[in-house]
Amino acid sequence: MSGSGRSFASIIQNFLESCKTLHEEFLPAYDSPEGRKAYEDTLNCVKANFPQYIDELQGTADGAKVPFHEVIPDLFLLHMDNIILSARQEEGMRQPYGCSTICVNRGGQEILGHTEDALAETLNHFYLVSAHIISDKPQGRWNVTEEKFTSLCYAGHLPGYTMSYNHHGLVFSINTLSAKNLIPGRTPRHFITRALLSAENFVEVQQILTDAGSGTGDGCSVNMTFLDQEGDRLFHNIEVAPTECENESQLNVLTASPGEHILHCNSYLRLPVKQVNVEMLRSSEERMAAFKRYASPQDEEDVLKMLSDTSNKEFPVFRDSEFVSTIAVGIFDCVKRTWSLYSDSPKKSEPLVVLPLVLKKGGNVGIPKPDKRRQSVKEVNEEWFTQQLDHFNPTDETTWQQRYYSNDEYFNAEKGGPVFLMIGGEGEASVKWMTQGSWVDSAEKYGALLFQVEHRYYGKSHPTEDLSTENLKYLTSQQALADLATFIVAMNEKYKLPEDVKWIAFGGSYPGSLAAWLRVKYSHLVHGAMSASGPLLAQVDFKDYFRVITDSLASYSDDCVTAVKQGVSQIGVLLKQEIGQANLDQIFNLCDPVQESVDNEQDISNLYETIADDFAGVVQYNKDNRIGSPAGTNITIDVVCDIMVNQTIGPPINRLGQVNQLLLSTYDQKCLDYQYEKMIDTLRNASWDSEASEGGRQWTYQTCTEFGFYQTSSYESHIFGDQFSINFFIQQCTDIFGSIYDDDFVDAAIDRTNTFYGGLDIEVSNVVFVHGSIDPWHALGITKTVDQGAPAIYIEGTAHCANMYPPTDTDLPQLKAAREQIDELIGSWLKV
């Protein structure tokens, strides 16, 4: 992490210069023979088990230009802590420092609250580190290949020892404990808690803390939960201590089930461990006593009140003394999936920042969350089907291999049906859909055979040798529907299904449109369809998209909308002056100085459109039940609007910048790349090995040749300005695919699509059209029932394809009712 060293070099240097513990205790101990041996034994232990974290420390030292262990062992000594003193039978500085933690586990209130207390010299010497580390080969004793986390760090220290979360959903805080018998040559707690940042589940957490073969050299307790754990929410407090007789840590786990809570400070409450630092133990006892004077905490308000307690003047919970201070208070809300950080007493201040807890991302249409009710043991593997390249040219016999998945776990072969078909869309098909999602609930109920077919030209389904414009002529929705019809006929034969077998199609977003159109065009093969969030009306200028975005942001507050509009307006002001342009570079972390592009209309349009997309993606996928998405499901309207109305961040443009930085960090982007030609060059790449082949080039082609769907700034009173008109998008068609793809071509293509499918005047039966009010795509769909044979379900307060994901306890009542109505409709179709 040399990057964190460079970013915080002055903070690290200042901290090392002012750290009394380092200069008055650790370095003198290191200079003794006993201390030097303890240092070398401990360093060798860590090098053997966690060499990657030694490299990380070395990188931090190099970046900050401070010594590591070759000249003066500053950084490693800080991580050894009092272990270096134990070699000389010294206890070290006695100060009542420590931390206080409260976990509340009650319905709708799942809170981990923590005060981070430290010596006063630590003030202004800490920072947040957000990192995504990918290794070519397994690292360390736990064979780690990928870590992604955010952690509050002390200057020059490894992340993981205060408050942290990782992309597997692990949320935790650490309390220092003072075991008397510290053991050099074992793993210091700082390295064990650093390793926690890679843990994927509770078993791995226990494995890391036990550290078999070495064990911890000192003690701590871990307060934790996993956001996506199976079953009920569980919080744990794990006391960790060294053992002299065995080469592993001793652990004691206390679990808070629903309806329970945990209180913990800085003393062993359950492990029979001899302790030192009388001042810290007394402080811990007094803080625990203060907690117990309150009624059992029920919610976040109770936690904030207790963590702000100053009733004991000598040993308050929230501290602000000459020697020890509370440098931060953190609140992890596991329901809202946010991490709020306070720099002052939370009783009398607002959070300094509210961070979303962003978990590991999934695919394009969205991967369903693990369904806690369903533990399928069915192994689903990819299969391949020989498909025609051109269904509408009988003289062309070219074929290709199309990927699909099947699951017969619930299928009753004797009855011969029904069959459910999940239609793939503008992204890679996901095997997780074969065992998860509301359609699987219906499959189990009705004994259905399940298929999922990947859309031609997406994922691994490659009909042609590349994505050249010439080859993309075979990428049309009509060819895709013919693929599905051909597949259905072949599967009927392969599985020897009866002639009256009933196929039901399922699709969300663009596949939602395909599901409805499949029923229209191939009604003799498909008996019914569930069309979720499907835009049926092709439209060149989809100006209503941002109208719905604005309305959805206003559902949080009008102040959020006003702040966004003011922030965008301030961009225009700064673009007019050189100093302002330099400020924009910093505020939005631009990859290239905007001064070089200020006269380039396309670059400026792309900048505005990219910033608008920050909010569009958040709104479109707001609070759906998936692990990840192209827009980050855990970053919600509440999260971005919390930022936009937080005046402590600065003027509205600074708040826009913080939203932008949040999304850059989420998707591992170092900077905001807004230059138009870079984007066009990427999308011109026709290789299957290119970044564009993940779907960007293909979907852009489909918008130019069939659908439009261009989300412009044409809507009046547009809060994101008026810089990305329809011409901006048509120009992309021309620049990527050729001069014939101009405005006349696109207009004609959209007219042809609506003529072929009927737009919103579609005549069909046995189709249910499902839309959410938050989802901007409902503006191009059927949201009111015109024909009882093809009803519409409009779900207030839900976003894109929300009904397709597995149910959760926090689902809105109207979403639960919609799923039930859809299931009943499917049942009625199957009885006919």
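This briefing covers the cysteines and disulfides of a predicted model. The count comes to 3 disulfides. With the bonded cysteines numbered in sequence order, the pairing is 1-3, 2-4, 5-6.

**Cysteine 560 and cysteine 641**
- Their sulfur atoms sit 2.1 Å apart in a disulfide.
- The S-S torsion is about -75°, so this disulfide is left-handed.
- The bond links distant parts of the chain, 81 residues apart: cysteine 560 lies in helix H16 (residues 558-574) and cysteine 641 in helix H19 (residues 637-644).
- Cysteine 560 and cysteine 641 are both buried.

**Cysteine 591 and cysteine 671**
- The S to S distance in this disulfide is 1.9 Å.
- The torsion about the S-S bond is about 100°, so the disulfide is right-handed.
- The partners are 80 residues apart, in loops: cysteine 591 between helix H17 and helix H18, cysteine 671 between helix H20 and helix H21.
- Cysteine 591 is partly exposed at 26% relative accessible area. Cysteine 671 is also partly exposed, at 25%.

**Cysteine 704 and cysteine 733**
- This disulfide has its sulfur atoms 2.0 Å apart.
- The link is left-handed, with -90° about the S-S bond.
- Cysteine 704 is in helix H22 (residues 696-707), and cysteine 733 is in helix H23 (residues 726-737), 29 residues apart.
- Both cysteines are buried.

**Cysteines without a bond**
- Cysteine 99 is in no disulfide; its nearest cysteine sulfur, in cysteine 265, is 9.1 Å away. Cysteine 99 is buried, with 3% relative accessible area.
- For cysteine 103, the closest cysteine sulfur belongs to cysteine 334, at 8.5 Å, which is too far for a bond. Cysteine 103 is buried, at 0% relative accessible area.

Technical notes
Residues numbered from 1 in each chain as written. Predicted model: local features only at pLDDT ≥ 70, side-chain atom pairs only at ≥ 80, totals over all residues. Heavy atoms only, no water. Disulfide = S-S within 2.5 Å. Helix = DSSP H or I, 4+ residues; strand = E, 2+ residues; numbered from the N terminus. Buried < 20%, exposed > 50% of the residue type's maximum accessible area, 1.4 Å probe, protein only.
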